[in-house]
Amino acid sequence: TFTDFIHAPVIPDISQPVTVTTIAQDPDGVNSAKLFWKSVTNNSGSWNTVTMAVAADGRLSGTIPGQSNGIKVQFYIQATDTLGATSLFPHLGPDSRALYQVQDGQAGSSKLHSFRIIQATSDVTFQSGSINAYSNDRLGGTVIFDESEVYYDCLLYTSDAADERSSV
């Protein structure tokens, strides 16, 4: 099982490394773990792998190198127990949507609450296509509240508000 899954900083600055941590527990003990990550900004990129440190208390920690302005990064963990069984978190691994975005200057400075919705560019493109604009399908993403509270692998529905107003 995995608990306390988080990346920090939540909104990294340009070229700032991001550390992903979680606590993994297994009756047979956790032997090793890998952190997989890739850029999902331009619908390209292959998976990169970083070996995670495994502490005696089950805390896993791995670091993703700093990225450029506005880059979106998808990531997941694969842990292996002492008997060789593996588990992914989030559970769909490469098909899940644990994401972060490098600082893009879009956060407001007002005292109002903010929501940052991060989706892979391919998912945004799919949802905004004329055929899919009014679909009830939900695609994965990460929601960040007030630039600090993170909700990974959410199923999101987006639509083109301008088209909705014009079709009423």
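This is a predicted model: local features need pLDDT of at least 70, side-chain atom pairs count only at pLDDT 80 or more; totals for chains, interfaces and linings use all residues.

User: In the hairpin of S7 and S8, which residue takes a positive phi, and how many residues lie between the strands?

Analyst: Strands of a sheet pair through backbone hydrogen bonds, either parallel or antiparallel. Strands here are DSSP runs of E with at least two residues, helices are runs of H or I with at least four, and both are numbered from the N terminus; two strands pair if DSSP finds at least two bridges between them. In this hairpin four residues lie between S7 and S8, and Gly84 has a positive phi near 95 degrees. The two strands run antiparallel and are joined by four bridges, S8 covering residues 86-89.

User: How many helices and strands does the protein chain have?

Analyst: The protein chain has two helices and 12 strands. Along the sequence they follow the pattern β-β-β-β-β-β-β-β-β-β-α-β-β-α.

User: In what order do the strands of the open sheet lie?

Analyst: The order of this four-stranded open sheet is S1-S2-S6-S5, with antiparallel pairing. S1 and S5 (53-54) are its edge strands, each pairing on one side only. Two bridges join S5 to S6, and Val54 has Leu60 in S6 as its bridge partner.

User: Which residues have the most contacts inside the largest nonpolar core?

Analyst: A nonpolar core is a set of buried Ala, Val, Leu, Ile, Met, Phe, Trp, Tyr and Cys residues joined through side-chain atoms within 4.5 Å. Buried means under 20% relative accessible area, exposed over 50%, and partly exposed in between, using a 1.4 Å probe and protein chains only. The largest core here has 28 residues, and Leu60, Ile64, Phe75 and Ile77 have the most contacts inside it. Elements giving two or more residues to this core include S1 (2-8), S2 (18-24), S3 (30-39) and S12 (149-156). The most comes from S7, with four residues.

User: With which residues is Ile77 in contact, leaving aside its neighbours within four places in sequence?

Analyst: Contact means heavy atoms within 4.5 Å. With those neighbours left aside, the contacts of Ile77 include Phe2, Phe5, Val20, Thr22, Leu35, Leu60 and Phe89.

User: Is Thr22 buried or exposed?

Analyst: Thr22 counts as buried because its relative accessibility is 0%. Thr22 lies in strand S2, and a polar atom of its side chain is 2.8 Å from the backbone oxygen of Thr3. Leaving aside neighbours within four places in sequence, Thr22 is in contact with residues including Phe2, Asp4, Gly58, Arg59 and Ile77.

User: How many aromatic pairs does a search of the whole structure find?

Analyst: Rings of Phe, Tyr and Trp (its six-membered ring) pair if their centres lie within 6.5 Å; planes under 30 degrees apart count as stacked, over 60 as edge-to-face and the rest as tilted. The search finds nine pairs. Phe5 and Tyr152 form an edge-to-face pair, because their ring centres are 4.9 Å apart and their planes meet at 65 degrees. Phe5 is in S1 and Tyr152 in S12, so the pair ties together parts that are 147 residues apart in sequence. Both residues are buried. Ring pairs also link Phe2, Phe5, Phe75, Phe89, Tyr100 and Tyr152 into a cluster.

User: Where is Pro9 found, and what kind of peptide bond joins Ala8 and Pro9?

Analyst: Pro9 is in the loop between S1 and S2. The bond joining Ala8 and Pro9 is cis, with omega about 0 degrees. Another cis peptide bond runs from Phe89 to Pro90, with omega near -10 degrees, and Pro90 is in the loop between S8 and S9.

User: What is the phi of Asp4, and is Asp4 buried or exposed?

Analyst: Asp4, a residue other than glycine, has a positive phi near 55 degrees. Asp4 is placed in strand S1 and counts as exposed, at 52% relative accessibility. Ser15 likewise has a positive phi, near 65 degrees; Ser15 is in the loop between S1 and S2 and is exposed, with a relative accessible area of 54%.

Terms used:
Residues are numbered from 1 along each chain as its sequence is written. Side-chain values use heavy atoms; hydrogens and water are left out. A polar contact is a pair of N or O atoms within 3.5 Å; within protein, one must be able to donate a hydrogen and the other to accept it, and residues adjacent in sequence count only if both atoms are side-chain atoms.
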